[in-house]
Amino acid sequence: MSAVEAKLAELGLTLPEVVPPLAAYQPAVRSGPYVYTSGQLPMIDGKLAVTGKVGGEVTPEEAKELARTCALNALAAVKSVAGDLDRVARVVKVVGFVASASDFTGQPGVINGASELLGEVLGDKGVHARSAVGVAVLPLDAPVEVEVQVELTEA
């Protein structure tokens, strides 16, 4: 077990299976020392945990937890192309999309769920640049979607 996966276990988490693509894309792609994940939805066992708009049917607190799930799914996608999460030199960038009710402006707080998980699991390597964007709708009526870019160490 890698040190990163041991840290996940210490936090009571397990790395899920990679979420299969919903369309014509790959869950993650490597280019040089970088891995770019596709947008990860809060899928658990192949199903969305919750649907709807944040600030409407979904509370900000629920959405923050869903963003954690998205980040966990992103780590699984990174491992699928990197082979070992201990090869992550650092998380470079996180982009989070929040399907928002028209008056909801708390997107950064929601995406903190993903950022905080990456920090808990990877320590200083999890510190990253980030965007948190409100959108009208996401695939499958998901409340949150997160993509992650990481830099790898040499093999």
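Which residues does the UniProt annotation "domain: Endoribonuclease L-PSP/chorismate mutase-like" cover? According to that record, an unreviewed entry, the annotation covers residues 5–147.

## Model and annotated region

The structure described here is a predicted model.

L75 belongs to helix 2, which spans residues 60–82. With a relative accessible area of 3%, L75 is buried, because the cut-off for that class is under 20%. Leaving aside residues up to four places away in sequence, L75 touches L15, L85, L118, V121 and L122.

The separation of L75 from P108 can be given in two ways: 33 residues in sequence, and 20 Å in space from C-alpha to C-alpha.

## Nonpolar surface patch

L22, Y25 and L140 make up a nonpolar patch on the surface. Together the three residues have about 280 Å² of accessible area.

L22 sits in the loop that links helix 1 (3–10) to strand 1 (28–31). The relative accessibility of L22 is 47%, so this residue counts as partly exposed.

## Aromatic pair

The count of aromatic pairs comes to one. The pair consists of Y34 and Y36, whose ring centres are 6.4 Å apart. Their planes meet at 45 degrees, so the pair is classed as tilted, since stacked requires under 30 degrees and edge-to-face over 60.

Both tyrosines are partly exposed: Y34 has a relative accessibility of 32%, and Y36 has a relative accessible area of 35%.

## Positive phi angles

Most residues other than glycine have a negative phi. D45 has a positive phi, near 55 degrees, and is not a glycine. D45 is located in the loop between strand 3 (43–44) and strand 4 (47–48). Its relative accessible area of 77% makes D45 exposed, because that class begins over 50%.

D141 is another non-glycine residue with a positive phi, of about 65 degrees. The loop that holds D141 runs between strand 6 (129–135) and strand 7 (144–152). Is D141 exposed or partly exposed? At 30% relative accessibility, D141 counts as partly exposed.

How values were computed:
Residues numbered from 1 in each chain as written. Predicted model: local features only at pLDDT ≥ 70, side-chain atom pairs only at ≥ 80, totals over all residues. Heavy atoms only, no water. Patch = residues over 30% accessible without salt bridge, like charges linked within 9 Å, V, L, I, M, F, W, Y side chains within 5 Å. Areas by Shrake-Rupley, 256 points an atom, 1.4 Å probe, with all protein chains shown as cover. Salt bridge = Lys/Arg side-chain N within 4 Å of Asp/Glu carboxyl O. Helix = DSSP H or I, 4+ residues; strand = E, 2+ residues; numbered from the N terminus. Buried < 20%, exposed > 50% of the residue type's maximum accessible area, 1.4 Å probe, protein only. UniProt positions renumbered as here; feature names shortened; annotations may be inferred. Phe/Tyr/Trp six-rings, centres within 6.5 Å; stacked < 30°, edge-to-face > 60°. Contact = heavy atoms within 4.5 Å.
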